[in-house]
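Me: I would like to learn how to read a helix and its packing. Could you take me through one case?

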Amino acid sequence: MASLFQSPAARSTPQRVFITGASTGIGQALARHYASHGAQLGLAARRTELLQTLADELDTECAIYPLDVRDSGALERAAQDFMQRFGVPDLVIANAGVSRGTLTEHKEDMAAFKAVMDINVLGMMHTFQPFITAMRSDTRAHKGQLAGIASVAGIRGLPGAGAYSASKAAAISYLESLRIEMLQYGIAVTTIAPGYIRTPMTAVNTYKMPFLMNADSAAAKFAKAIAGKKRFVVIPWQMSLVARFIRLLPPALWDWIMKNAPHKPRINVE
């Protein structure tokens, strides 16, 4: 795979990149990053008008797919259309995700738990599945790459974020399984576990967010990790140190530290 940091003229063919959750936040920043390097893009998200606005801004070949990642059929159709237009992708990024505060004792939060798990975990599988057969059959030397956006919230359970932490822990384990499964086919799988990024998802947080990054800076770091075919990476590096530390804490100490931690607001998620 050509380096993502070469100029478009330095590559013999454009890179083909499919991104979910592309209409806002980190997905939008990733789209802009890859567009600036001459990639042909497939952009999927729920909000048609935001996707179209983004596509109109990008100076590259771009197809938009208004869809919900919970709809496996919609992603199947999007994947087939993308491959008919551009060919087998070099990179598929499962970025779509949602977050909300949840508390198990509230019956009304059951729907939010399901939505978060369906979007953050099943949506990732729905994104990758329709591309894998074609990527396995690709005759090029480099058969492409799958990248999933998880979170440091998946490393230890966070109070008030049971659904989100559980979904990201599941995403991390799923991506590890997938990475091992794809080894025999020469398809790389990268797990990215970011800390706090300034996006609409984090804008509702009322507590301090250490090492907060802007979306464009985060996208560049994500792309560098992907280009290096990292297996698992926490971004930024400061949060990586924190993640290594909290993994080692015994459960009793973690409970004591976190019992009075602030909770993410409980707001509706579709």
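**Reading helix α3**

Reply: This is a predicted model. In it, the axes of α3 and α4 cross at roughly 40° and come within 9 Å.

Me: Why give an angle and a distance?

Reply: Two packed helices are described by the angle between their axes and the distance between the axes. Here the crossing of α3 past α4 is right-handed.

Me: Which residues of α3 and α4 meet?

Reply: From α3, they include Leu75, Ala79, Phe82 and Met83; among those in α4 are His126, Pro130 and Phe131.

Me: What span should α3 have, and what does the model show?

Reply: Helix α3 has 15 residues, 72-86, so at 1.5 Å a residue it should span 21 Å. Its end C-alpha atoms are 21 Å apart, in agreement.

Me: Which residues of α3 are buried?

Reply: An α-helix has 3.6 residues a turn, so residues three or four places apart point the same way. In α3, the buried residues are Ala74, Leu75, Ala78, Ala79, Phe82, Met83 and Phe86. Because they fall within an arc of 160° seen down the helix axis, they line one face of α3. Arg77 and Gln84, on the other side, are exposed.

Me: What is found at the start of α3, and what just after it?

Reply: At the start, the backbone nitrogen of Gly73 lies within 3.1 Å of a side-chain oxygen of Asp71. Just after α3, Gly87 has a positive phi of about 105°.

Conventions:
Residues numbered from 1 in each chain as written. Predicted model: local features only at pLDDT ≥ 70, side-chain atom pairs only at ≥ 80, totals over all residues. Heavy atoms only, no water. Helix = DSSP H or I, 4+ residues; strand = E, 2+ residues; numbered from the N terminus. Expected span 1.5 Å × (residues − 1). Buried < 20%, exposed > 50% of the residue type's maximum accessible area, 1.4 Å probe, protein only. Arc of directions from axis to C-beta. Polar contact = N/O pair within 3.5 Å; in protein donor to acceptor, adjacent residues only side chain to side chain. Axes fitted to C-alpha atoms, helices over the stretch in contact; angles between N-to-C directions. Left-handed = near helix turned anticlockwise from the far one by under 90°. Contact = heavy atoms within 4.5 Å.
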